[in-house]
Amino acid sequence: MTQPLPDDRPDDRPDEVAPALEARGLTVRLGTGRGARTIVHALDMTVPAGAVVGLVGRNGAGKTTLLDTLVGRLAPHAGASRLLGCPSMDLTDAVRERLGYVAQTPDLFDGLDGRQHLARIGRLYAGWNEARAEALAAKFGLDLGTQASRLSLGDQQKLSLVLALGHDPDLLLLDEPVASLDPMTRREFMRTLFERRWINQPARTVLVSSHLLTDLERVVSHVAFLREGRLQLFDEWDAVAEHVRLLELPADSSARPQGPGVIASAERDGRVRIVFDARRAAAPPASGRALSLEDLFVELNT
């Protein structure tokens, strides 16, 4: 059963900023009977307002299922999540106004062109800014006069991004939003995510799933590693880059890091490779080496 989050949430405290996204014990099962599978396992995560979180994992890790559950498209088997303080399964119109979501597969109307999409989607948002949407389309090099069915996959993705950004949302959830975009458009999109907002607007929060790890590393404030539906690691990227280390030792070495800070280990050919957090693991001083986001992804998935 879906359980509510506890009532003593940070958003009840006036001196603290409420998290933009939170999940507690979130578990998602798909299928029925003997064919049912748990895709997301008891996931806990709190994303602070203004964070840019890179959601990283192999194909089939559960990223799309997690995002669909967070926005209320799938009901969890257990646990619960909130977006901007509102239950994901009961999002109010006011909260929907502040959300932007891009699915992995563009969800467009085949018979409508770009401008007709802007008109139809724009009617759903009181804060829709037609001029902003058209400016984004121009920035992305998107022809708004072409029917969606005739657009390339990359241009369909561009249109989906324009539709998600046209009302200038406070929280964006993006599932592989730039996989089909050329490098120039990816760069423009990243700039758009971080463009300055009006002084009375909160910093935009972003949860983005992507396999383009080099791009992510340049822009994220936090990283979330998902493997087989379980959250392996969630932290600020600067802290990960400083404290998470890889140490390779003989398999029978007594100098292995110990304790809850050991994130992953793998033995092969008489050697062991250990990924650990130096803040929480007992390890020899200054041992191990730092990892790029791509290197860390490889170590956590082998």
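## An enclosed helix

Helix α1 (residues 63–70) is largely enclosed by the rest of the structure, because 7 of its 8 residues are buried. This description, like those that follow, refers to a predicted model. The buried residues of α1 are Lys63, Thr65, Leu66, Leu67, Asp68, Thr69 and Leu70. After α1 comes Gly72, whose phi is positive, near 85 degrees.

## Nonpolar cores

The largest nonpolar core comprises 48 residues. Those with the most contacts inside this core are Val162, Leu174, Phe189, Phe225 and Leu296. Helix α5 (residues 153–165) gives the most to the core, contributing 6 residues.

Leu296 illustrates the contacts made by a member of the largest core. When residues up to four places away in sequence are not counted, Leu296 touches Phe225, Leu233, Trp237, Val240, Val244, Val275 and Leu291.

## Packing of α3 with α5

Two packed helices are described by the angle between their axes and the distance between the axes. Helix α3 (residues 114–122) packs with α5 at an angle of about 30 degrees, and their axes are 10 Å apart. Angles under 35 degrees count as roughly parallel, and α3 is therefore roughly parallel to α5. The crossing of these two helices is right-handed.

On the α3 side, the contact is made by Gly114, His117, Leu118 and Ile121; on the α5 side, it is made by Leu159, Val162 and Leu163. By class, 5 of the contact residues are nonpolar and 2 are polar, with no charged residues. Val162 of α5 is also among the residues with the most contacts inside the largest core.

## Packing of α4 with α6

Helix α4 (residues 130–140) and α6 pack at an angle of about 145 degrees, with a distance of 9 Å between their axes. Leu136, Lys139 and Phe140 of α4 meet Thr185, Glu188, Phe189 and Thr192 of α6. The residues of this contact divide into 3 nonpolar, 2 polar and 2 charged. Phe189 of α6 is listed with the residues that have the most contacts inside the largest core.

Thr185 lies in helix α6 (residues 183–193). Its relative accessibility is 6%, so Thr185 counts as buried. Not counting residues up to four places away in sequence, Thr185 touches Phe140 and Lys158. Phe140 belongs to the α4 side of the contact with α6.

Terms used. Residues numbered from 1 in each chain as written. Predicted model: local features only at pLDDT ≥ 70, side-chain atom pairs only at ≥ 80, totals over all residues. Heavy atoms only, no water. Core = buried A, V, L, I, M, F, W, Y, C linked by side-chain atoms within 4.5 Å. Buried < 20%, exposed > 50% of the residue type's maximum accessible area, 1.4 Å probe, protein only. Helix = DSSP H or I, 4+ residues; strand = E, 2+ residues; numbered from the N terminus. Contact = heavy atoms within 4.5 Å. Axes fitted to C-alpha atoms, helices over the stretch in contact; angles between N-to-C directions. Parallel < 35°, antiparallel > 145°, perpendicular 65-115°, else oblique. Left-handed = near helix turned anticlockwise from the far one by under 90°. Nonpolar A, V, L, I, M, F, W, Y, C, P; charged D, E, K, R; others polar.
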